[in-house]
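Welcome! Let's work through a few exercises on how two chains meet. Keep the structure open beside you as you go.

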Amino acid sequence: MAAPVIDSAPFTGAATEATAARQEGAGGRLTRIALIGNPNSGKTSLFNQLTGLNQKVGNFPGVTVDRKSGFAQLTHTQRAEIVDLPGTYSLYPKSLDEKVITDLLYDKESKGYPDFVVVTVDASNLRRSLLLFSQLADLELPAILALNMTDVAERHGVRIDVRALEQELGVPIIPMNARNGSGVVALKIVMAQRLAAPPVRFWEPSDELLPLVRQIRYYFNLHNDYLALHYAQQFRQIGFLSADDKAHIQELVQQYKFDSTAQQAAETIARYGRINEILLETVTVVRTEKREPVSNRIDKVLTHRVAGYLIFLGILFLLFQAIFAWAQYPMDWIEQGISALSAVIQDNFSGPLVRLLTEGVLAGLGGVLIFIPQIALLFAFLAVLEETGYMARVTFLMDKLMRPFGLSGKSVVPLISGLACAVPAIMGARTIESWKDRMITIFVTPLMSCSARIPVYTVLVALVVPDRAVLGFLNLRGVALMALYLLGFFTALASAWVLKTILKARERSYFIMEFPVYKWPRWKNVGITIWQKVKAFVWQAGQVIVAISVVLWVLASYGPGTTQDQAEARVRQAYQAQPAPAAVGQASAQGKAADDELQRRVAAARLESSYAGLFGRTLEPVIRPLGFDWKIGIALLTSFAAREVFVGTMSTIYSVGQDADLGTVQEKLAAERDEQGQPFFTPARAFSLLVFYVFAMQCMSTLAVTYRETKSWRWPLAQLLYMTGLAYAMALLVYQVLK
Amino acid sequence: MPTRRTAKDLRVGETGTICCLEDPEMALKLLEMGCLPGVQVRLSGRAPLGDPLMLVLGDDEYTLSLRASEAATILLKG
């Protein structure tokens, strides 16, 4: 099928002046084009094909994630802004995710209102894809139809007469394959043209509806009847309408006894009727042979009652293996690289600025960069599971298991994504239609151990769990890590069950969804996902972490007035009065050792009387029952904003005045001694700290996103109190039992 | 009383034709997804615990996954 670029001229030549003005952009802004289509219609692939790495996506609060947007170079001289909208089946939203679309398309004055839309349509499933298209066309939005997956359609024996279909639909159609990029060039050329509103109407409100529709239309000064009907249907959920506007529509709707459900059903059936007529004339299906599609055969295995669960467990196991074993090598390189760099700088330069650079900035930066391999691997895994279509099967397998806990199969995706980061995971919960299921999922997702906990786990587990094989093939440290993850997971389930009994359902919970056909993942999409997540992490989390590290270094290095100098003087005096045993010898080697011992005591005294020390000291009485001292207190305080700061903080606190030879955090922690000269990090202390980190809510970003998603401060506040209280209680229990 | 069959009552591999949709609210979602009266549905499988179900729709051969309680609102002809 050749792309009918030239054929599209009739549609592009007839642009009205108004459209032309918008094409050039009011105030010289770029043309804005929205991508819209059914879920799994290849929309995201097309978005990646068009924009490459020129995307603005953020997974942190303050950056809009509702609409992914990017820039595409359409021709040598023309650039356009591309907005990627969530997948939907119709313009009557059933979930919050889909509501984003109507909020954008109902309001011509809105900042993001597109100049035209590109509708991605699955050629192998035209009927259903055209339902959405026909609604968009009836809103008189200029549109291009990107006829995707033509290869799949052909394999299914579906022959589409593109020219005839173009005539019937009244918009340019570009056959393409978003996976390998064929047809994208042709699409770009058409996108660079001026487009008029499509001339064909597929459905119009019946005469009985007209009095209502017209009153709304004139009241709000809308450009078309169908849009006015949508106002009547959905006024309660339209964000930009004022309370008065809504009350006005409410009155009209009651006056005319408007039955929203019946009208929607009638409209959908009528649209399908019209679409069937069109398809009858433009599409022929040649069924070569009636054989079971490959996807169904794969499903027989992957959703098998035994094999299905075993395969899912195997995949999870592989995921953990990747994160904890394979990621270790690049992590070691990064860690050693940073310590080496730090040592080189310290050997060649000296002074407070150099110490700020090595003990503050570099130590903090190391704590950020070391995450990269694990985050990249985790997001790669999740992206592949999503891309292949396996994730949908996981929700299918897990639905019945999750329901007793007040969750749905769809909660599994946010929960698994929560292993990477709770922030995108909580946003992912938007696809859950039922309010109650969604709230429960949002509430418990932060209990899943996210990647920010990985360094805390890794460092502390390595400190107290021996590196030993168990059962021949498992590593004891790996088992300990798995146990921490399971602890988080089961606590999430238990908390969900409790919430299920407290919350009242607002509406029924749905589970209807389409199973995507199995596909090989496209590595370009996976690569773009990894790149975005790593970039977001390094830039956004990194800035916070490095800033906190620097502030912390200053707080740890300086104290109020002369208290630090006084503390040092006291230590020196006490030391001279009562020489430590190591200093008694006459030999110069022992003298050197004594000198080192004095240095260490001085450093400890200075840290203790610094601002940070005072901070930690104030907190100490509260956390002493958990086995924590004031140094850990400092780390807890700084990691309150973001838990990944913990390792950086520990690294900074324990570097102040310590031997520069102790390169890694782990060595520094292992060298720490208590008052009796025994290793400070006993198993009881380390496990207490680990359990604290499993449960504690220490992430400003998560609280902010929960607020944004629930539109209420009650939810993030409840999360904060519940999780932190749980963390304190469990850590207390662990320390008192193991002590 | 005539026996009422719904998509939930299909055996794995069995095909039926949609007669009507019972629950008006659920119907909207089902209609959008292509569950129209007159369309053929085939139960292609059940989740290991018996629920949810996998329904293959019409000639287009696409698969929906839905809970048994939801499938019970799809009435079949005959």
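**Exercise 1.** Which residue stands opposite Ser65(B) in strand 4 of chain B?

*Solution.* First, a word on the model: it is predicted, so local features need pLDDT of at least 70 and side-chain atom pairs pLDDT 80 or more, while totals for chains, interfaces and linings use all residues. Residues are numbered from 1 along each chain as written, chains are lettered from A and ligands numbered from 1 in the order written, and side-chain values use heavy atoms, without hydrogens and water.
Now find strand 4 of chain B: Met513(A) stands opposite Ser65(B) there. Next, look at the pairing: strand 12 (residues 513-515) of chain A and strand 4 of chain B run antiparallel over 3 bridges. Strands here are DSSP runs (E, at least two residues; helices are H or I, at least four), numbered from the N terminus, and two strands pair if DSSP finds at least two bridges between them.

**Exercise 2.** Describe the contact between the chains.

*Solution.* Start with the residues: 32 of chain B are in contact with 43 of chain A (heavy atoms within 4.5 Å). Then take the buried area, about 3,600 Å², of which carbon and sulfur atoms give 57% (accessible area, 1.4 Å probe, lost by two parts on being put together, summed over both). Finally, Glu32(B), Pro48(B) and Arg67(B) supply 21% of the area that chain B buries against chain A.

**Exercise 3.** Find a salt bridge between the chains.

*Solution.* The count is 2 salt bridges (a Lys or Arg side-chain nitrogen within 4 Å of an Asp or Glu carboxyl oxygen). One of them joins Asp51(B) and Arg403(A), at 2.7 Å from N to O.
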